[in-house]
Amino acid sequence: MANAWFETVAEAQRRAKKRLPRSVYGALVAGSEKGLTVADNLSAFDQLGFAPHMANLPRERSMAVTVMGQDIAMPVIISPTGVQAVHPEGEVAIARAAQNRGIPMGLSSFASRSVEDVAAANDKTFFQIYWCGDKDTLLQRMERAKAAGAKGVIVTLDWSFSNGRDWGSPWIPEKVDLKAAVKLAPEVLARPKWLWQFARTFRIPDLTAPNMAKPGEKAPTFFGAYYEWMTTPLPTWEDLAWLRSQWDGPFMVKGVCRVDDARRVVDIGATALSVSNHGGNNLDGTPASIRALPAVVDAVGNQIEVVLDGGVRRGSDVVKAVALGAKAVMIGRAYLWGLAANGQAGVENVLDLLRGGIDSALMGIGKADIRDLDRGDVVAPDGFFRRLGE
């Protein structure tokens, strides 16, 4: 039997590609249009280097930080991702893995598992919402999350509904009925291990969004929830200020890449902001998040916590982001590859790889505490960074 452990996130992705039906894998790859931003999120990290020391290196290193009011074991947060047909336990398996490694779980409002189930599995759950539906509906969703034990809210704004991928988009059914089963049968039967995972639980992939259900109603399908989101009038800054006023705990705005927008996020009283381009699923041609990070950090100073989302695949990527001013990073595809490769243990495997990589980079740089990192620890080529919005 092959070793279930993998040594890099890249290997987890290779195993995910072999294990998942083509359409499921394609949905995780995602991206938009030509894929310029997806590619830049990854390649930008490759262009950054380190300035290491060679002696007096610390024997022990600390990577614990506090973000959104939560003490966490390392500066990594599970970024919210939508409906999953990756594994029968879905977001609950991810939440347990994150809990076991001492980090927060970001749960999408489009998730396949309820906020009640996920918050019970991880006591550091942040509930993510889109500006979707009327204000009463938004309040109901936040109140439900609060009652379930969510410690914070993440409002995601970096989405432009762009569609069409040069490499083709996967076919995703509204629900798994007989017609869908017949159409997907060839690719599903070609992945017997994935099929067996679901078969032995007597469940089929759930393509509904339980956290979008209105009181007393059934959960809408993913596409039903997506349609509600697409047809909701886009929010103004006044709307966002109102939403912030309705939540009495930590509040993150996700999707910032411009310094003028960052300052507006400070003005509405948010606790944190995420420098993000939605993993390249937003407007294609948006620069990599890591390129925009230092300018945003400089614009807001210590008025708000800044995290980074996009392209993180190694512990050294985490260290680069923190050195450039992020309090923490959010990961998405990395843990999904782990979930696909080996369920909850695969997610824990990914988190262990990140922790090990962080520790190794800290040792090489000569820092005993991740909070002591600064920009002098990172080497960037001329013209690498972007200052948008001024």
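Reply:

Helices (H or I, at least four residues) and strands (E, at least two) are DSSP runs, numbered from the N terminus. This is a predicted model, in which local features need pLDDT of at least 70 and side-chain atom pairs count only at pLDDT 80 or more, while totals for chains, interfaces and linings use all residues. Residues are numbered from 1 along each chain as its sequence is written, and side-chain values use heavy atoms, with hydrogens and water left out.

β8 has pairing partners, two strands being paired if DSSP finds at least two bridges between them. With strand β7 (residues 152-156) β8 pairs in the parallel sense over four bridges, and here T156 stands opposite K254 in β8. Four bridges also join β8 to strand β9 (residues 272-275), again running parallel, with V256 standing opposite V275 in β9.

The pocket itself is an open set of points on a 1 Å grid over the protein atoms alone, with protein on both sides within 12 Å along at least five of seven lines, and its lining residues have an atom within 4 Å of a point. Its volume, the space filled by probe spheres set on grid points that are joined across faces, edges and corners, is about 550 Å³ for this second largest pocket. Of the 27 residues in the lining, L157, D158, W159, G255 and D261 are the closest to the centre of the pocket. By class, the lining of the second largest pocket has 14 nonpolar, nine polar and four charged residues, where Ala, Val, Leu, Ile, Met, Phe, Trp, Tyr, Cys and Pro count as nonpolar, Asp, Glu, Lys and Arg as charged, and the others, Gly among them, as polar.

Technical notes:
On a 1 Å grid over the protein atoms alone, a cavity is a set of points where a 1.4 Å probe fits but cannot get out, and a pocket is an open set with protein on both sides within 12 Å along at least five of seven lines; lining residues have an atom within 4 Å of a point.
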